[in-house]
Amino acid sequence: MRYTGPKVRLSRRAGVPLTRKAVRYFETRPYPPGEHGRKTNRRNTGDYGLRLLEKQKLRWYYDVSERQLRRYWDLAVRRPGVPGAELVTLLETRLASLVLRAGLAPSIYAARQYIAHGHIAVDGRKVDIPSYLVKPGQIVSVRERSRGMQPFVAAAAGIHADERTAAYLSVDLAELRFTLTSRPEREQIAIPVDEQLVVEFYSR
């Protein structure tokens with residue numbers, strides 16, 4: 001199941017801010033949540049615990065369920081590249097991930113909601129599946145009828161955009177659209193996860 005509770009708690013459990021909003025909270029409470037959070041020493045975590053936590057961080061960062069992540073892992077190991085890099089690439093090409101990366105949403109949770117509510121189109125056709133895998137050359141846009149909504153007016157003003165556009169995206173925020181220009185490479189994807197530990201977790 002996907003986690004649906006307070007999102008900042010996930011960042012505190014992971015030990016790193018997983019969302020923009022979490023950065024501010026994490027600075028004041030960098031320890032795990034709960035009654036004994038302040039006394040928890042992450043450095044005492046065993047090998048299995050470290051690998052499990054890294055896998056969980058990847059899940060939480062992309063907001064996928066355990067079953068979904070396992071399915072992406074199975075796809076990644078069948079691809080010719082390095083399994084860990086292939087896993088991250090698959091997760092990054094999910095429609096929800098790219099809507100966030102392009103600056104059309106403030107968080108992965110908002111991106112998922114926008115897609116599920118029918119506000120996003122791929123090559124002019126409505127797609128309401130957040131896990132849809134976008135292919136290079138496809139154009140993703142906010143549907144015409146949704147462009148006047150406050151979240152998308154803010155997005156067009158660049159409120160949610162990163163300082164630097166991802167190298168594999170061509171973004172036109174004023175028109176509320178972007179194109180996946182090439183397959184994302186691992187070194188182009190900035191995420192606070194060591195995917196090699198995830199590989200070791202699934203290979204054990």
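At what angle do the axes of helix α5 and α9 cross? Roughly 105 degrees. The axes come within 8 Å. Angles of 65 to 115 degrees count as roughly perpendicular, and that makes α5 roughly perpendicular to α9. One caution before going on: this is a predicted model.

Let me stay with α5, residues 83-92. Which residues meet there? On the α5 side they are P83, G84, A85, L87 and V88. On the α9 side they are E195, V198 and V199. By class, this contact has 6 nonpolar residues, 1 polar and 1 charged.

Now the other partner, helix α3. That is residues 47-62, and α9 is residues 195-203. These two helices pack at an angle of about 115 degrees. Their axes are 8 Å apart. With 65 to 115 degrees as the range for roughly perpendicular, α3 and α9 are therefore roughly perpendicular to each other. The crossing of α3 past α9 is left-handed.

Who touches whom? From α3 we have Y48, R51, L52, E54, K55 and L58. From α9 we have L197, V198, E200, F201 and Y202. The residues of this contact divide into 7 nonpolar, no polar and 4 charged.

Next, L197. L197 sits in helix α9. Leaving out residues up to four places away in sequence, L197 touches R51 and E54. Now take L197 and G84. How far apart are they in sequence, and how far in space? In sequence, 113 residues. In space, 8.7 Å, C-alpha to C-alpha.

The structure holds 5 aromatic pairs. One of them is W73 with Y202: ring centres 5.4 Å apart, planes at 20 degrees. Planes under 30 degrees apart count as stacked, so this pair is stacked. W73 is in helix α4, residues 66-77, and Y202 is in helix α9. The pair links distant parts of the chain, 129 residues apart.

Let me walk across, from β1. Strand β1 is residues 120-122, and strand β3 is residues 139-142. They run antiparallel and are joined by 3 bridges. I120 stands opposite V142 in β3.

From β3 we step to β5. This pair is antiparallel too, over 3 bridges. Here I139 stands opposite T179 in β5.

How many bridges join β4 to β5, residues 177-180? There are 4, and the strands run antiparallel. V171 has F178 in β5 as its bridge partner. β4 and β5 form a hairpin with 4 residues between the strands. In that hairpin, L176 takes a positive phi near 55 degrees.

To recap. Helix α9 is roughly perpendicular to α3, and α5 is roughly perpendicular to α9. Y202 in α9 pairs with W73 in α4.

Note on methods
Residues are numbered from 1 along each chain as its sequence is written. This is a predicted model: local features need pLDDT of at least 70, side-chain atom pairs count only at pLDDT 80 or more; totals for chains, interfaces and linings use all residues. Side-chain values use heavy atoms; hydrogens and water are left out. Axes are lines fitted to C-alpha atoms, for helices over the stretch in contact, and angles run from 0 to 180 degrees between N-to-C directions. Angles under 35 degrees count as roughly parallel, over 145 as roughly antiparallel, 65 to 115 as roughly perpendicular and the rest as oblique. A crossing is left-handed if the near helix is turned anticlockwise from the far one by less than a right angle, and right-handed if clockwise. Contact means heavy atoms within 4.5 Å. Ala, Val, Leu, Ile, Met, Phe, Trp, Tyr, Cys and Pro count as nonpolar, Asp, Glu, Lys and Arg as charged, and the others, Gly among them, as polar. Two strands pair if DSSP finds at least two bridges between them. Rings of Phe, Tyr and Trp (its six-membered ring) pair if their centres lie within 6.5 Å; planes under 30 degrees apart count as stacked, over 60 as edge-to-face and the rest as tilted.
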